[in-house]
Amino acid sequence: MTARRSSRRPAIAVASLAIGATGALVLAGCTAGGAAGGAAADGGDVSIVATTTQVGDFTRELVGDEAKVTQLLGPGQSAHGFDPSAAQLAAIADADALVVNGAGLESWVDDAVAASGFDGTLIDASTGIELSGTADHADEPADEHADEGADGHDHSGGNPHIWTDPQLAEQMVANIAGGLAEVPGVDAATIDANESAYIAKLDALDAWIEQNVSQVPVADRLLVTNHDAFTYFIEAYDLTFVGSVIPSFDDNAEPSAAEIDELVRKIRETGVKAVFSEGSISPKAAETIAEEAGVAVYSGEDALYGDALGAEGTDGATYLGSQEHNVRLILESWGVVPSELPAVLQK
């Protein structure tokens, strides 16, 4: 891994499975190299189900043609809610492996596993990763929407959006690779080779982000987002989280009038230049706050990819593309033109 900054704040240590959520998911198959699509990926006799768009992308990168990968969430769908259909439960029941984000993101998994009768390999991508709470980097107390999971760990106050830091994404990929290598019928050597190649890309991404963010004085690295999904990105690159439109890990929460007024005040006082919406959330509140504060708003095609990756053909169809997209827009809001991507990341 690349050398990493030493400015991380205290975190809550966990090795988790619990998963917290709200909203509706669809059972969407995935092509081997893209976002969720209309049919499950071609592969061998091994069947893998992945929950979120991010872990689905990581899993496809690792297995290649070794297995069929079915992804539960489709493009632009947040993991903060799920009422599994019969088809979704059937896919889980038939799977040789189930890959989850963990860290309190998908609270429905325990019930889905029990209802489906799944008895394959459960792979928790968050194992061994320390969770941070909102209180670690902002004035608000940590959110408590996550519940205690099946592993017995209390995930209240822990932010589950661990993938936003590329180095934590590397740990997720390593966890998934380790689990997949133990699944009968999967070639461990192929998983290992694909893991090495993909982690090299994540290393290059991390170095590119740090190189470009370092051009901006620390005091000017200010960020306002739609909800509190970028904790780990903020910690990794020493940004200041001024606040979020929805002051919660859960993107279904609603800001009060007082919270909106307070965020507008903070934006004006700190000199924030933009408010960022997210692709999986309505931009209306973000646009209203930006207008009241007299700053730019990034929405529509310029929204950040937070809880979910985008559709095939968009910047955010893959994890790597989503990170590049987010960083370019954040740098633009700070008046910085990013450097050329490393060769390993160029398409």
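So, Ala103: you'll find this residue in the loop between strand 5 (97-100) and helix 3 (109-116). When I say helix or strand, I mean DSSP runs numbered from the N terminus, H or I with at least four residues for helices, E with at least two for strands. Ala103 has a phi near 65°, which is a positive value in a residue other than glycine. Ala103 also counts as buried because its relative accessible area is 0%; buried is under 20%, exposed is over 50%, and partly exposed is in between, with a 1.4 Å probe and protein chains only.

Quick word on where this comes from. The model is predicted, so local features need pLDDT of at least 70 and side-chain atom pairs count only at pLDDT 80 or more, while totals for chains, interfaces and linings use all residues. Residues are numbered from 1 along each chain as its sequence is written, and side-chain values use heavy atoms, with hydrogens and water left out.

Okay, next loop. Asp238 sits between helix 6 (231-236) and strand 9 (240-246), and here too phi is positive in a residue other than glycine, near 60°. Asp238 is partly exposed, though, because its relative accessibility is 24%.

Now Asp165, in the loop between strand 7 (130-131) and helix 4 (166-180). With 0% relative accessibility, Asp165 is buried. What does its side chain reach? The backbone nitrogen of Gln167, at 2.9 Å.

On to the charged pairs. How many salt bridges does a search of the whole structure find? Four, where a salt bridge is a side-chain nitrogen of Lys or Arg within 4 Å of a carboxyl oxygen of Asp or Glu.

Take Arg60 and Asp57: their side chains meet in a salt bridge at 3.7 Å, N to O. They're about one helical turn apart because they sit three residues from each other in helix 1 (residues 53-63).

Over in helix 9 (residues 319-333), Glu324 and Arg328 are four residues apart, so about one helical turn separates them. Their salt bridge comes in at 2.8 Å, N to O. Glu324 is buried at 19% relative accessibility, whereas Arg328 is partly exposed at 30%.

There's also a network: salt bridges that share partners join Glu262, Arg265 and Glu269. Within it, Arg265 and Glu262 have their closest N and O atoms 2.3 Å apart. Those two are in helix 7 (residues 257-270), three residues apart, about one turn of the helix. Arg265 is partly exposed at 34%, and Glu262 is partly exposed at 33%.

Conventions: A polar contact is a pair of N or O atoms within 3.5 Å; within protein, one must be able to donate a hydrogen and the other to accept it, and residues adjacent in sequence count only if both atoms are side-chain atoms.
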